[in-house]
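Subject: Structure handover

Hello,

Here is the structure for you to look through. My notes on what was found follow below.

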Amino acid sequence: MAPKNKASLRIEDCWLFAVASKEDLARRLSTDRQKISVSDLERLSADAGNYRLFSIRQGTKERPVQEPKRELQQIHARIHRLLSRVVVPEYLHSAVKGKSYLTNAREHGHGISIIKIDVKKFFPSVPRFRVFTFFKIVMKCRKDVSGLLADLITFDQRLPTGSSASPIIAYYAFKPMFDEISRFAESAGLKMSCYVDDMTFSGSNANRFNLYEIHKIISKYGLKSHKMKYFVDQEPKIITGVCNTPSGERVPNKLHLKISIGFEELRAAKSHTSAVKLLRPLLGRLDAAGQIDPRFRARALTLRSTFKTKSRISNGAIKGRV
C-alpha cells in the first residue's frame, strides 16, 4: 500500500519515485479496489481498444477528444493522485488539492493591470519523449519502467485530451519552462498564476513588452502560444472563467448566454428523454456559475429537484401502463 496522503511531499517521497521494475510498478499502481499485473499494464499501454474517440463542438470548431476507457482511466487517475501529493510552486493552481480555477482567478486583485497567455493545443503538444524523460530523469525510474509509463499515459505519442492524468503530466513535462517563466515574472515584479496552460500575470509592469518576453520563452521550448491579452487596471478581466471587476467577481457574459440558451433548449425539448440529454451540460454550467454567484447554485438545485419529480412521475406512469 502507498503511504498516506500528505499535503506537501518531496518528489523523492512520491510513491512513483525510483520504481525498480515493471512488477514494482504494477504493485505501486494497485489499490484495494484494483489489483494490477504487469500483463494488465502492457495490455493497457496499447492505443488500440483502450480509448474512446469523439469530438466536442466549441463554437465553430470541433475539438477531438481521446478519453481512456474505464480500466485505463482508473490507472491515469491513480497516477494523478500520487503525483498531486508532491509540493509544487505557489504559481500552480491546477491538479493541486485545495486549489482550482477560482483560486487562480483570485490571485489577481481588482483594479490592476493584467496580461494573459495560453499554450496552443497544450496536451497534444506534449510528446511521449518528454513524459519518458520526466519519469527517467526526474523520477529516477528504470528505463523500461519509464517507457511503460510513457506508453500508458500517451495516445499516438501525445498526451490524450480526455485523461485525468494529462494536466499534471503536462505540467511536469514542461516544468522547466513554467519555472523559467516564473523567474522572469518575479524579476519583472509580476505575480504569476497558472491553471494548466492558462498563465496570468498582474502588476504595474503587466504590459505588452513583458507579454512578448513570456511568448519568447514559450517558443524556446518548442510550443506555440495564443490568446495573448493585455487588460488595463479598471477593465473587467476574464481569468479562468471568472470575470474580475473593480466591484468584485461576476459570472462572465459568455457563460450567462450559454445558460440562457440551455434553458431555452430545455423548454423546447419534445420528450423527457431529449430533455435529460440537455440537462447534464446545463447543470454543469449552473454549477460552474454557482461557484462565483450562489444564485446560480440555487437554480441548479431547483432544476435537479424538478427533474427528479418528473422522472418519478414518468416512471410511475410507465409502470401503470405495463
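Ile168 is placed in helix α7; helices (H or I, at least four residues) and strands (E, at least two) are DSSP runs, numbered from the N terminus. This is a predicted model, in which local features need pLDDT of at least 70 and side-chain atom pairs count only at pLDDT 80 or more, while totals for chains, interfaces and linings use all residues. Residues are numbered from 1 along each chain as its sequence is written, and side-chain values use heavy atoms, with hydrogens and water left out.

With a relative accessible area of 3%, Ile168 is buried (under 20%; exposed is over 50%, partly exposed in between; 1.4 Å probe, protein chains only). Apart from neighbours within four places in sequence, Ile168 is in contact (heavy atoms within 4.5 Å) with His80, Leu83, Ser84 and Ala95.

The whole structure holds nine aromatic pairs. Rings of Phe, Tyr and Trp (its six-membered ring) pair if their centres lie within 6.5 Å; planes under 30 degrees apart are stacked, over 60 edge-to-face, the rest tilted. Tyr91 and Tyr171 make an edge-to-face pair, 6.5 Å centre to centre with 65° between the planes. Tyr91 is in the loop between α3 (70-83) and α4 (101-106) and Tyr171 in helix α7 (residues 166-173), so the pair ties together parts 80 residues apart in sequence. Both Tyr91 and Tyr171 are buried.

Phe122 and Phe174 form a tilted pair, at 6.1 Å and 50°. Both Phe122 and Phe174 are buried as well.

Regards
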